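I opened this entry to record what I looked up in the structure, one topic at a time.

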Amino acid sequence: MEASSRIYVAGHRGLAGSAIERELKRQGFGQVMTRTRAEVDLLDGLAVRRFFEEARPEYVFVAAAKVGGIMANSTQPAAFLWENLQIQNNLIHSAWMTGVKKLLFLGSSCIYPKLAPQPLREEYLLTGPLEPTNEWYAVAKIAGIKLCQAFRRQHGCDYISAMPTNLYGPNDNYDLQGSHVLPALIRKFHEAKIRGEKQVVCWGSGRPLREFLHSDDLARALVFLMRHYSEEQFINVGSGVEITIRDLATEVGRVVGYQGETVWDPTKPDGTPRKLMDNSRLFALGWKPEIDLPSGIALAYEDFCRRFAA
Ligand code: GFB
């Protein structure tokens with residue numbers, strides 16, 4: 001990838017895509033292309049094909065997806081399966097039709113079996129049943145990995161896939177029904193502090209373990225992989241540090257400055273008990289995350305305040 005390469009970031013308004021766009025610009029790439037949904041609807045195959053034919057991107061980051069937390073995933077199975085298949089099929093097929101040099105597909109750690117051994121090695125894909133709360137999303141992401149591998153095998157395309165762990169950072173979704181846990185906790189603790197409420201209600205038992213990665217670290221890893229990785233084997237992208245949801249709530253409460261009590265709602269799902277990536281493949285290439293969780297939460301809270309609490 002050269003400073004003058006034409007690079008298309010699909011999904012640039014989302015958490016991952018916006019971080020990739022920022023990182024590419026920070027590193028001096030001068031021709032970063034983005035399109036809003038109104039300009040190119042990624043669900044529309046013809047529109048996507050037309051865009052690729054006109055704009056002729058050379059490098060493509062597939063960060064566009066229908067995403068959401070545990071509740072959104074379990075209540076909208078059709079949207080999570082169909083929209084994701086559609087978006088990735090349109091992008092990957094158009095990339096092939098127009099001779100894109102290299103494409104990076106972004107998956108998710110939920111592709112792994114619910115009860116796979118931990119930490120999750122790339123080899124554990126398709127070795128057991130998926131976590132039911134996000135199997136629709138996971139099936140779409142597995143199909144995306146396989147599509148990249150299939151184009152590589154049949155047509156020699158340099159398409160690679162990266163599996164990020166749970167992400168957070170600027171431009172996150174703070175909708176309480178649809179969001180992931182970290183933005184949800186930031187909003188809940190912030191609003192409880194402002195309103196002087198005595199309790200914050202969190203979902204599930206608080207016992208599940210999750211690994212978190214700041215989206216700026218993710219973007220650094222993805223640009224690094226686009227430049228230095230060209231294997232059929234997809235690759236995990238995580239921080240290697242996990243925390244219980246209960247401890248995460250304590251940490252968010254501390255950063256926000258909330259003095260009240262945290263209670264747990266057992267009627268809400270826990271999801272998979274543990275989801276820690278084995279990042280040894282990526283770390284062996286020489287990449288390491290830079291933002292630890294307490295600093296990252298503080299940065300995310302600043303972003304939340306800038307956007308919603310001015
Ligand atoms: O981040 P999250 O929604 O998704 O939830 P997953 C993680 C854990 O936090 C679960 C608990 O055990 C939730 O029960 N939790 C506690 C909360 N309070 C809250 C809250 O207020 N909101 C939310 N959302 N959770 C997602 C998948 O799984 O992980 C996606 O659904 C994707 O497909 C993503 O793969 C990375 O980590 O369980």
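**Entry 1: A138**

I began with A138, which counts as buried because its relative accessibility is 0%, and buried requires under 20%. I note that the model is a predicted one. A138 is found in helix 5. I then asked what A138 is in contact with once neighbours within four places in sequence are left aside. The list holds C110, I111 and L130. I also checked A138 against Q76, a residue 62 residues apart from it along the chain. Their C-alpha atoms are separated by 13 Å.

**Entry 2: helix 4 and helix 5**

I stayed with helix 5 (residues 135-155) and looked up its packing with helix 4 (residues 77-97). The two axes come within 8 Å and cross at roughly 15 degrees. That angle makes helix 4 roughly parallel to helix 5, since angles under 35 degrees count as such. I logged the crossing of helix 4 and helix 5 as right-handed.

I wrote down which residues make the contact. Helix 4 contributes P77, F80, L81, N84, L85, Q88, N89, I92, H93 and W96. From helix 5 come W136, Y137, V139, A140, A143, G144, L147, C148, F151 and H155. Sorted by class, the contact of helix 4 with helix 5 has 14 nonpolar residues, six polar and no charged.

**Entry 3: the nonpolar cores**

Next I looked up the largest nonpolar core, which has 33 residues. Which of them touch the most other members? They are Y8, L42, F52, L91, L103, I111 and Y159. I traced where this core comes from: strand 1 (6-10), helix 2 (45-55), strand 3 (59-62), helix 4, strand 4 (102-106), helix 5 and strand 5 (158-164) each supply at least two residues.

With neighbours within four places in sequence left aside, L42 is in contact with Y8, A10, V48, A64, Q86, I87, N90 and L91. I also found another core lying apart from the largest one, with 32 residues, among them A19, I20, A63 and M226.

**Entry 4: helix 8 and helix 10**

I turned to helix 8 (residues 245-256) and helix 10 (residues 293-308). Their axes come within 10 Å and cross at roughly 55 degrees. Helix 8 and helix 10 are therefore oblique to each other. I logged this crossing, too, as right-handed.

On the helix 8 side I listed L248, E251, V252, R254, V255 and V256. They meet L293, P294, I297, A298 and Y301 in helix 10. The classes in the contact of helix 8 with helix 10 come to nine nonpolar, no polar and two charged residues.

**Entry 5: backbone points in the loops**

The peptide bond from Q118 to P119 is cis, with omega near -5 degrees. P119 lies in the loop between strand 4 and helix 5.

L126 is found in the loop between strand 4 and helix 5. Its phi is near 60 degrees, a positive value in a residue other than glycine. Is L126 buried or exposed? I recorded L126 as exposed because its relative accessible area is 56%, and the cut-off for exposed is over 50%.

N171 has a positive phi near 70 degrees and is likewise a residue other than glycine. I placed N171 in the loop between strand 6 (166-168) and helix 6 (181-195). N171 counts as partly exposed, at 30% relative accessibility.

Conventions: Residues numbered from 1 in each chain as written. Predicted model: local features only at pLDDT ≥ 70, side-chain atom pairs only at ≥ 80, totals over all residues. Heavy atoms only, no water. Axes fitted to C-alpha atoms, helices over the stretch in contact; angles between N-to-C directions. Helix = DSSP H or I, 4+ residues; strand = E, 2+ residues; numbered from the N terminus. Parallel < 35°, antiparallel > 145°, perpendicular 65-115°, else oblique. Left-handed = near helix turned anticlockwise from the far one by under 90°. Contact = heavy atoms within 4.5 Å. Nonpolar A, V, L, I, M, F, W, Y, C, P; charged D, E, K, R; others polar. Core = buried A, V, L, I, M, F, W, Y, C linked by side-chain atoms within 4.5 Å. Buried < 20%, exposed > 50% of the residue type's maximum accessible area, 1.4 Å probe, protein only.
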